[in-house]
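Morning, everyone. I have one structure to show, and I will go from the contact between chains down to single side chains. Here it comes.

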Amino acid sequence: MTEQIVIPVSGMTCAACQSRVQKTLGNVEGVDDASVNLMMGNATVSFDPAVTSPSTLVETIRDTGYSAELPSKETSTFAEQDARDNATLEEFLELKRKAIVSGIAGVVAMILSMPLMRANVSESMSGGADPFMQWTMRSFTPTLQRIAPWLYAISTTAISWFLLLLTLFVMTWAGRHFYTRAWAAFRHHAADMNTLVALGTGAAFVYSLLATVTPSFFVTHGVAPDVYYEAVVIIIALILTGNAFEARAKRQTSAALRSLAQLQPKTARVLRDGSEKDIAIAEVISGDLILVRPGERVPVDGTVESGESAIDESMLTGESMPVKKVVDDRVIGGTINRTGAFRFRATTLGADSVLAQIVKLMRDAQGSRAPIQALADKISSVFVPVVASIAILTFVVWFVVIHAGGGSGGEATVRGFATAVAVLIIACPCAMGLAVPTAVMVSTGRGATLGVLIKGGEALQRAGDVSTIVLDKTGTVTEGRPTVTDIIHAPQTASGATLSDRELIALVAALETSSEHPLAEAIVRYAKEQGIELGEPVEFQYLQGQGVSGTVGGSAVAVGNSQLMSTLATSDSSVRSSAQGSTSEALIAGLTEDADRLAGEGKTPMYVMVNDSVAGLVAVADAVRVTSSLAISKLRKMGLDVVMLTGDNERTAQAVAKQAGIRDVIAGVLPAGKVEEVRRLQQGGSVVAMVGDGVNDAPALAQADIGMAMGTGTDVAVEAADIALMRSDLDGVAQAIHLSRRTMRTMKQNLFWAFAYNVVGIPVAAGILYPVFGILLSPILASAAMAFSSVSVVANSLRLRALKPL
Amino acid sequence: MSGYALNSTDWVVIGAGLLTIVWLNYYFFASTKASGLAAASDDGVQEITVVVEGGYTPSTVKAKVGQKLRIVFDRRETSSCSEEVTIPDFNVRTFLPAHEKTNVEITPQNAGVHEFACGMGMLHGKIIVTEQAAKSND
């Protein structure tokens, strides 16, 4: 048996590298054939799996000095999701089938029990353990007697035996798992909901069985040989119905995750050896050229090689407008190509792809625990034995009270027995177990559809408590991409000639090509966008904290702040200029007002000097995102303090803050100082959420109670972040906090309901209301309450699915 | 309580009830549960199979510190209660397909007791990590 594997290899630059890897692989024991493709950057190896393994092959390649990765199991993330889905679907369908059949059996059992009851009641012995059933049957008896009088002609013994068989069938077919699981748990010294159901129904069945087999024994002890077969069947039917609803609802809680996983296309159309081929997604390798037509899904992540299109990324980012993609832009697998056809080169695949990472992150999040659950967990783990103890106690108390109070032993047994069964049946540990996890699941799923990836229950809970939002300025409040905003000319150049905008920018941009400053990049980009040809600067000089100077096409050009202008004007040696010896104030006099105004708008003005005279001003600004001020006002309306943190000077910071509607600004903070500022706010008693791009401010994100990384729609795995915002705007922050708060409310409601249900239900079932109000709960009512208590908890969590964004 | 006179039957019922309650709580909370020792396999990984069926058998896993521990969860049922296993201290939450064996690997760095449980926290087991677990028990 030989197997073939394709291993992506990177770092190979020449044919020599290729042959070296190929030769090394060929020498590995168990390898039949190895061929390395330099262009594709991969090695195709046929090997005997009994002798060697893919990981050995990868190791061998790495030993030669090149990087190699095992081809990631593309399917694992999605396959696991499929397995879960199928499991939950099968569970639901099976429960539904069983619930329906046992429900029908329950109705039959109830009808057949009516003649029995009449027979027993007429004997006027003690009995009536189940007042609800008695009332129901008494109400329906006249109707039944009219419709089916023949039923009353059948011998009660025959009916009892038939009911016995029917109940046995329901118990061993529909309810079998209650007993097998209860027994399996018991063997492990553990107990769960199945234990309670098994004990309750089992006890009722054994009692009825004895009453059917040896009625005389009961009669001689003064007890009516009542049977509770119908109760057993109906209890099983009701609990199965509840379970089926619960399974369906639980399935819905992961609907968001399922639809995400389904975004992954199954095939891709690749160009290999000059021809188009549809291949399975698992066979796509990094470097493949892939074709996408309008209306198709992008199969994997990659970079556009040719063509352009608008792509709908809403499923991943929540952004409703299609995003334009041109050459070199990144496309994400699972998104929908809307308008044009294009080719792209596959980059990340399989488990590393953005979609797979989101699915994995979501699943980890959905499965994570919220701290609020700790108490519920503690109670769950002791719940069943405690309830069983209460049930025994209930029996003892009822028996003694009735018996010692003068009642017959039979009456005492029957009453004690019925209440004990009701206690076992009504107790519901499931609602407690479901209260928090279902809310976490639904809420993280809802978050994903809003473009907010919450990385777990703990993050969800803490985000709900946040009181202060700290926003990093650059790239968070602002676009993070400075652009040229204003070009202003000096009233009159010394030479009398006025440069056009284009000419001015051409000189400045040419000079700035030698600079790596972000502001310089903005100017160069602007010039290129305008289609301006840029010359080569010579004699380039960088004056720290002031600006740059040099010569472009024979003109002496300098760009920088007023200090630079002054330096140049007064110095004879540094730069050739300053022959006129005029003061810097005079040079820039006509522009200072403009410069002040621009600075006040949060822009960075730069003076431009051409051939010894100040030619004008170029202003560059990192524009405030259009969505920022609305989002910030939302945050403030939610009662949150919003603070902006920046390394910029106070003036620019204040100007940006004003535009964005932020009152609190901490300016002039060095990157390392951000952590300190967050800590200071925390010490002041604030629960802080820090919002940043997740790259420069990772330490501050980690220090904050909640770190939110504003991604570009692709960086989902930002380590330091508790919450990743898929869309580049602050609205996600408001949505995340809103969702978290609502989720916490839902969790608290659920927990309250689950606790209150048991705290009230168990004593009532035990008969605590009987002495005063004469109220007793029938086991059947108890089972209905139990079945629907967990359903109501899940249903309450599901309401989060419909949560409206703020 | 003058109208009440407890006779021997009542006392028997009370006694039997209390005894059952005591036994029940002893059985579920105090009695010893099966434990298993993770044995080192050829590749230097300590490995143990835990059967998942209404609980974990063995429910206590003993392992050595600093060495990779592979727990093979052999889930022999479809009950949704046990469909996930969690080891909170190691951030593990894994889906266990029914009637399949699923490997979970962790490397305990410190001696101590780590709990593992089903997704809903109803079934419990623990991993006891000691410096010399394998030797002292061999």
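**The interface**

Across the interface of chain B and chain A, the rule finds 3 residue pairs in polar contact, with both residues at pLDDT 80 or more. A polar contact is a pair of N or O atoms within 3.5 Å; within protein, one must be able to donate a hydrogen and the other to accept it, and residues adjacent in sequence count only if both atoms are side-chain atoms.

Which elements of chain B give two or more residues to the side that touches chain A? They are α1 (8-30), β4 (56-57) and β8 (92-95) of chain B. α1(B) gives the most, with 13 residues. Helices (H or I, at least four residues) and strands (E, at least two) are DSSP runs, numbered from the N terminus. By residue type, the side of chain B that touches chain A divides into 16 nonpolar, 18 polar and 6 charged. Here Ala, Val, Leu, Ile, Met, Phe, Trp, Tyr, Cys and Pro count as nonpolar, Asp, Glu, Lys and Arg as charged, and the others, Gly among them, as polar.

A word on ground rules. This is a predicted model, where local features need pLDDT of at least 70, side-chain atom pairs count only at pLDDT 80 or more, and totals for chains, interfaces and linings use all residues. Residues are numbered from 1 along each chain as its sequence is written, chains are lettered from A and ligands numbered from 1 in the order in which they are written, and side-chain values use heavy atoms, with hydrogens and water left out.

Back to the interface. The contact takes 41 residues from chain A and 40 residues from chain B; contact means heavy atoms within 4.5 Å. The two chains bury about 3500 Å² between them, and 65% of that is on carbon and sulfur atoms. Buried area is the accessible area (1.4 Å probe) that two parts lose on being put together, summed over both. How many salt bridges does the rule find across the interface of chain B and chain A? It finds 0. The cut-off: a side-chain nitrogen of Lys or Arg within 4 Å of a carboxyl oxygen of Asp or Glu.

**Chain B on its own**

Chain B has 2 helices and 11 strands. From the N terminus on, the order is α-β-β-β-β-β-β-β-β-β-β-β-α. Of its 138 residues, 46% count as buried. Buried means under 20% relative accessible area, exposed over 50%, partly exposed in between (1.4 Å probe, protein chains only). Take contacts in chain B between residues at least 6 apart in sequence: 54% join residues at least 24 apart.

Now chain A. 3 strands form an open sheet in the order β10-β9-β12, with antiparallel pairing. The edge strands are β10 and β12 of chain A, each pairing on one side only. Two strands pair if DSSP finds at least two bridges between them. β9(A), residues 309-312, has 3 bridges to β10(A), residues 323-325. A:Ala310 has A:Lys324 as its bridge partner there. On β12(A), residues 336-337, β9(A) has 2 bridges. A:Ile311 partners A:Asn337, and A:Asp312 partners A:Ile336.

In a regular strand the side chains alternate between the two faces of the sheet. Is each face of β9(A) covered or open? Both are covered: A:Ser309 and A:Ile311 on one side, A:Ala310 and A:Asp312 on the other, all buried.

**Salt bridges**

Side chains of opposite charge can pair when their charged atoms come close. Over all chains the count comes to 25 salt bridges.

One of them joins A:Asp486 and A:Lys603, at 3.0 Å, N to O. This pair links distant parts of the chain, 117 residues apart: A:Asp486 is in strand β16 (residues 483-489), A:Lys603 in the loop between α22 (592-600) and β20 (604-610) of chain A. Both residues are buried. They also belong to a network of salt bridges with A:Asp594, A:Arg597 and A:Glu601.

Helix α25 (residues 673-683) of chain A holds A:Arg679 and A:Glu676, 3 residues apart, about one turn of the helix. Their side chains meet in a salt bridge at 2.8 Å, N to O. A:Arg679 counts as partly exposed because its relative accessibility is 33%. A:Glu676 is partly exposed too, at 45%.

A:Arg680 and A:Glu677 also lie in α25 of chain A, 3 residues apart. Their salt bridge is 2.9 Å, N to O. Is A:Glu677 buried or exposed? Its relative accessible area is 17%, so A:Glu677 is buried. A:Arg680, at 46%, is partly exposed.
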